[in-house]
Amino acid sequence: MKSIKTQLELARAGVITEQMKQVAQDENVESETIRQRIAKGEIVIPNNPLRKSQKAVGIGKGLRTKVNVSIGTSSDICSIDAEVRKAIAAQEEGADTLMELSADGDMDAIRREVLKAVSLPVGNVPLYQAFKETGRKYHNPAKLDPEYLFELIEKQLEDGLSFMAIHCGINQYTIERLRKQGFRYGGLASKGGTFMVAWMDATGKENPLYEQFDRVCSIMKKYDAVLSLGNGIRAGAIHDSHDRAQMAEMIINCELAELGREMGCQMMVEGPGHVPMDEIQGNIMLEKRMSGNAPYYVLGPLPADTGAGYDHITSAIGAATSSWHGADLVCYITPAEHLALPNEQDVREGVRATRLAVRIGDIAKYPEKRENEKLAAMARRDMRWEDLGKYLMFPEIARQMRAERSPREEKTCTMCGDFCAMKKGMEVFSRDIKYDKAII
Ligand code: SF4
């Protein structure tokens, strides 16, 4: 495919693209503001002109915090149909972006079927297929040929992917930090990152994605795809958060974000992982400061290591905190995290928990955008159940729960019945309601 101008290059040239207009309309922000922030690298729009059906989604400063869903096969559970169903479920539940992270089966076929099934921007981690196919061919992933890796990235983009997490920030310096600090309490957590570390350890060579970073950027630019700088040495335990290895990779990723932008490539930085709650704000401040406000894509983070079985909730608490302090895109976590490959129901639960979490974060981040919460509270006060449904995030679930346990008296619910404080409060104060506390 011949080169095109990226959203970043067009924004710098003063052009407002169709994608920028779409994002502006969805977010209720001026198109010119979107253009200016893209030009500065503060907003990205994952795009790939080869995939005409894709929705334009803006990620970055001043925009609603977005939710990513990751799906994909493993060597133990591998079904194209199941992954397509999960992708559709993610879209139905309101995810903003999707990562197709299959690590086994016919990976080209899975990617193409998923791309056909949804209109969300779809990204991946190209290292998974690169190491899997190399392992199939040579029975040793350490035989990965960097030329094959670069060809594969281009082949995957040809299918219509619009963002990729690529582990460019791991180099021999970061690996040395892991050794010198005595490794870690919680080991490594990134599949692609760990296999790249193992390749570097086996070959003694530098990471080709770091060494040939300009080549990575020029391939991404050809498709106007966003390069998300993978957090390959991210902490997988709160006790490893912000250790020297994590920080070394973060510094390099932030430096690469700046270099990539200079080349006209849309850039995003990926973050942890596992971070205790008191460190989340600092983590985000560091990324924003060191990268020149590149959009920050965090994986929750999880602020505790003991919630397995409920880690969608553990992560939601981290996601609310991270979105409050400036994270721009949050990867969901499902109840199956750390235990098993998520099924369709896990995906649905994970998206709901994360959407709610980033809504809470956005309420704190953008106090001027709280109107919906006020309208919901007033509808609840007045027992306007039908109106309330318009403001709730999960109206169907709320309706079903109320219907299953319906009260004797419509103006209450079975939680308190005769002791309904809402009803009693209105009996006493309904004639006093005025100003903007009255129904508009
Ligand atoms: S019964 Fe209790 S929970 Fe239900 S609406 Fe009234 S005050 Fe709220």
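**Exercise 1: Around the ligand**

Task: Which residues surround the ligand, and how does the shell divide by class?

Solution: Keep in mind that this is a predicted model. Start by listing the neighbours: Thr412, Cys413, Met415, Cys416, Cys420, Ala421, Met422 and Lys423 surround the ligand. Next, sort the shell by class: six residues are nonpolar, one is polar and one is charged.

**Exercise 2: Two domains**

Task: Find the bounds of the domains and describe how domain 1 and domain 2 are placed and in contact.

Solution: Begin with the domain assignment, which gives domain 1 as 49–367 and domain 2 as 370–437. Then look at the C-alpha centres of the two domains, which lie 40 Å apart. Now turn to the contact itself: six residues of domain 1 touch four residues of domain 2. On the domain 1 side, three of these residues are nonpolar, none is polar and three are charged.

**Exercise 3: A helix pair**

Task: Are α8 and α12 roughly parallel or antiparallel to each other, and which residues meet?

Solution: First, locate helix α8 at residues 172–180 and helix α12 at residues 244–262. Their axes come within 8 Å and cross at roughly 165°. Angles over 145 degrees count as roughly antiparallel, and α8 and α12 are therefore roughly antiparallel. The crossing of α8 and α12 is right-handed. Finally, pick out the contacts: Tyr173, Thr174, Arg177 and Leu178 of α8 meet Arg244, Ala245, Ala248, Glu249 and Ile252 of α12. By class, this contact has five nonpolar, one polar and three charged residues.

Terms used:
Residues numbered from 1 in each chain as written. Predicted model: local features only at pLDDT ≥ 70, side-chain atom pairs only at ≥ 80, totals over all residues. Near = placed C-beta within 6 Å. Nonpolar A, V, L, I, M, F, W, Y, C, P; charged D, E, K, R; others polar. Domains from an automatic or database assignment. Contact = placed C-beta atoms within 7 Å. Axes fitted to C-alpha atoms, helices over the stretch in contact; angles between N-to-C directions. Helix = DSSP H or I, 4+ residues; strand = E, 2+ residues; numbered from the N terminus. Parallel < 35°, antiparallel > 145°, perpendicular 65-115°, else oblique. Left-handed = near helix turned anticlockwise from the far one by under 90°.
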